[in-house]
Amino acid sequence: MRYVNPVTGGSVMTTLDCHAVRLPNEGPTRLKRGTWNAICLVVEGEGRSTIGGETFECSRHDVFTIPHWTWVSHEAAVARWTCLSAPTGPFMSVSIWFEKS
């Protein structure tokens, strides 16, 4: 789910977007990477994120970052894992995004 500015319908801030991601315990997500950095906060549950080939275990209230153009995959370790993601960077303000799976 994407949070938006209620006045403009765009990003919450010019260089900051916000998404809520809820993953069921059904295996890892596809590997992907993008031209933005992201700050992530685990809201509920437990899981693991593989960032640049290194796997990190995380649970509620953990914060981690994903550097731009780094391969990443996430996996819930319990029935449900919820994470807030805030992609950042100047590319967002001019809508030049690139993502590769």
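User: Ser49 first: buried or exposed?
Analyst: Ser49 is buried, because its relative accessibility is 1% (buried means under 20% relative accessible area, exposed over 50%, partly exposed in between, with a 1.4 Å probe and protein chains only). Bear in mind that this is a predicted model, where local features need pLDDT of at least 70, side-chain atom pairs count only at pLDDT 80 or more, and totals for chains, interfaces and linings use all residues. Residues are numbered from 1 along each chain as its sequence is written, and side-chain values use heavy atoms, with hydrogens and water left out.

User: Which strand is Ser49 in?
Analyst: Ser49 sits in strand β5, residues 46-51. Strands (E, at least two residues) are DSSP runs, numbered from the N terminus.

User: And what does the Ser49 side chain make a polar contact with?
Analyst: The His74 side chain, at 2.7 Å. A polar contact is a pair of N or O atoms within 3.5 Å; within protein, one must be able to donate a hydrogen and the other to accept it, and residues adjacent in sequence count only if both atoms are side-chain atoms.

User: Which residues is Ser49 in contact with, leaving aside neighbours within four places in sequence?
Analyst: Glu54, Thr55, Phe56, Cys58, Phe64, Ser73, His74 and Trp81. Contact means heavy atoms within 4.5 Å.

User: OK, switching to charges. How many salt bridges in the whole structure?
Analyst: Five, where a salt bridge is a side-chain nitrogen of Lys or Arg within 4 Å of a carboxyl oxygen of Asp or Glu.

User: What does Glu44 pair with in a salt bridge?
Analyst: One partner is Arg22, at 3.0 Å from N to O. That pair links distant parts of the chain, with Glu44 in strand β4 (residues 37-44) and Arg22 in strand β2 (residues 18-24), 22 residues apart. Glu44 also forms a salt bridge with Arg80, the closest N and O atoms being 3.3 Å apart. Here Arg80 is in strand β9 (residues 80-88), 36 residues from Glu44. Put together, Arg22, Glu44 and Arg80 are linked in a network of salt bridges.

User: How exposed are Glu44, Arg22 and Arg80?
Analyst: Glu44 is partly exposed at 25%. Arg22 is partly exposed too, at 49%, and Arg80 counts as partly exposed at 41%.

User: What about Arg48, which residue does it meet in a salt bridge?
Analyst: Glu57, again through side chains, at 3.3 Å from N to O. Arg48 is partly exposed, with a relative accessible area of 25%, whereas Glu57 counts as exposed at 55%.

Definitions and conventions:
Helix = DSSP H or I, 4+ residues; strand = E, 2+ residues; numbered from the N terminus.
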